Amino acid sequence: MPVSAPTIPSAGFRDAAAADNKQVPIHRWVPWIAGYSSAFVQDAFDHYLPDVDDATILDPFAGVGTTLIEAQLRGWSAIGFDINPYAAMACRAKLSAAGIEPDELADLITEYQATAGDQETLIDTGALNGCRPTSTAPAGFKTRIDFYSPRVMQKVLFTRDFIDSVENSALRDLMNLAFASVMVSFSNYSYEPSLGSRPGAGKPLIEDASVVEILSSKLQLMLDDVEWLRGRESGSDEWAVYEQSFLEPECPVHANSVDLIVTSPPYLNNYHYVRNTRPQMYWLGFATSPAQLRSLEETNFGKFWQTVREQEPIRLDFEHSQLAAQIEIIRGLRVEKGIYGGNGWANYAATYYNDTFRFVSRIHDVLVPGGAAIIVVGNSLLQGVELKVEQHLGEIGEMCGLVCEDVHIVRQKRVGSSIVNTGAREAAGSKVMLYDAATVLRKPK
Ligand SMILES: C[S@@+](CC[C@H](N)C(=O)[O-])C[C@H]1O[C@@H](n2cnc3c(N)ncnc32)[C@H](O)[C@@H]1O
């Protein structure tokens, strides 16, 4: 049964723009291309689980944990999945924040400023006199231009020495997270929102920067938030973060156990979470070679256009004649462009929707009868063909035995619409707007 076009707005949701998380305690620790803000999650909780003391919340694509943190703040159980080790680490560190002793963190910041601050002064005055950091840059991390200027690199390595010397593992994790969240800001790369060189984005190289100052102000902000948490009454210790695909055959979440899912899977826009977190993956030791990143690309929801574009035609492995026909239209476009033409993009769309089907079947299993899933996705333009992912999601939900209760637009103009700049998404002359939408699926009682 076709799902009707999205309505604006439905349940009184606040703007879903994830950029709003930049101002909010705990959420502001790590920037991420997220599907929504903490305010959106609060509204979803208020609307779909009003007046409950206890609940189990799942985010199968947790990113840096917006849903999980909001669940924890309400005293509910939170379960998250993410294949990206940096994202999983961010979730865990944020969910553990209430256990950090503010005084210990404050002392650590002071000690870091004294130790690495002195080393930076010696670098700046040319007075190192043979004093060398013991840390080295990760050998496997190759970039087109130097990731750090020689001077910044020295400062980074002294900071790494300090972090590695921290004995308390919770505090070391926190420092690693702080480092990972700011490390691109003093590099010769930037997010636009994909990772690219600064000169490529018309920005100057960074010859020098105070790593200590930048990292200290991040740590200070984290300390403020740890203190803010101390002042609150509620909070839950019941959480689990799985660094694995939600689509794996063995799922650690029990059937009929989840009250509410609030999530946002990767969009059908080829945003490459794996490549965009390469600096953090290598510098934190999560990856030492490209092969490790490739295996992550294979498990990523929908894979990536780069992963499937050279394969034989991939088709839907479930029945949806209208969507299958749209995918075949894409396959027939710009065939003369080889791997940049229609077949590659059709393969990507088919892979994405096949994963969507598997994902929706899995949420049908884990939801309690009567439980709901609020899934934020974006519409997509591939080779000029618009794919209304939110409506297809509703239709796939109905195929899997869920009821599509609502589809509504949560953000009318999507930021980051230029993520794929290959021309493959341009609809010649058409005025298709990219937006974020929430599809609400409910498991019947
Ligand atoms: C749109 S982001 C979610 C952002 C999240 N809402 C937040 O606020 O941080 C999608 C996430 O899905 C993760 N992901 C991709 N494939 C996955 C899979 N098969 N299983 C679990 N997570 C996956 C990506 O690493 C990414 O962090």
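Q: How many of the 11 residues of helix α14 (residues 389-399) are buried?
A: Heads-up that this is a predicted model: local features need pLDDT of at least 70, side-chain atom pairs count only at pLDDT 80 or more, and totals for chains, interfaces and linings use all residues. Numbering runs from 1 along each chain as its sequence is written, and side-chain values use heavy atoms, with hydrogens and water left out. Buried means under 20% relative accessible area, exposed over 50%, and partly exposed in between (1.4 Å probe, protein chains only); helices (H or I, at least four residues) and strands (E, at least two) are DSSP runs, numbered from the N terminus. Helix α14 is mostly covered, and its buried count is nine.

Q: Which residue just after α14 takes a positive phi?
A: The buried residues of α14 include Val389, His392 and Gly397. Just after this helix, a phi of about 95° turns up at glycine 401.

Q: Where does the ligand sit?
A: A cavity here is a set of points on a 1 Å grid over the protein atoms alone, where a 1.4 Å probe fits but cannot get out. A molecule sits in one if more than half of its atoms lie within 2 Å of its grid points. By that rule, the ligand's place is the largest cavity.

Q: How many residues in the shell around the ligand are charged?
A: There are 26 residues around the ligand, and Val64, Thr66, Asp82, Ser245 and Phe301 come nearest; a residue is near if one of its heavy atoms lies within 4 Å. For the classes, Ala, Val, Leu, Ile, Met, Phe, Trp, Tyr, Cys and Pro count as nonpolar, Asp, Glu, Lys and Arg as charged, and the others, Gly among them, as polar. The shell splits into 15 nonpolar residues and 10 polar ones, and the charged count is one.

Q: What is the relative accessible area of serine 181?
A: Serine 181 is part of helix α6 (residues 169-182). A polar atom of its side chain lies 2.9 Å from the backbone oxygen of alanine 178. Serine 181 counts as buried because its relative accessible area is 14%.

Q: Which peptide bond is cis, with omega near 5°?
A: Most peptide bonds are trans. Proline 193 lies in the loop between β3 (189-191) and β4 (195-197). The cis bond is the one from glutamate 192 to proline 193.

Q: What is the relative accessibility of asparagine 270?
A: Most residues other than glycine have a negative phi. Asparagine 270 has a positive one near 65°, and its place is the loop between β6 (258-263) and α8 (273-276). Asparagine 270 counts as buried because its relative accessibility is 7%.

Definitions and conventions. On a 1 Å grid over the protein atoms alone, a cavity is a set of points where a 1.4 Å probe fits but cannot get out, and a pocket is an open set with protein on both sides within 12 Å along at least five of seven lines; lining residues have an atom within 4 Å of a point. A polar contact is a pair of N or O atoms within 3.5 Å; within protein, one must be able to donate a hydrogen and the other to accept it, and residues adjacent in sequence count only if both atoms are side-chain atoms.
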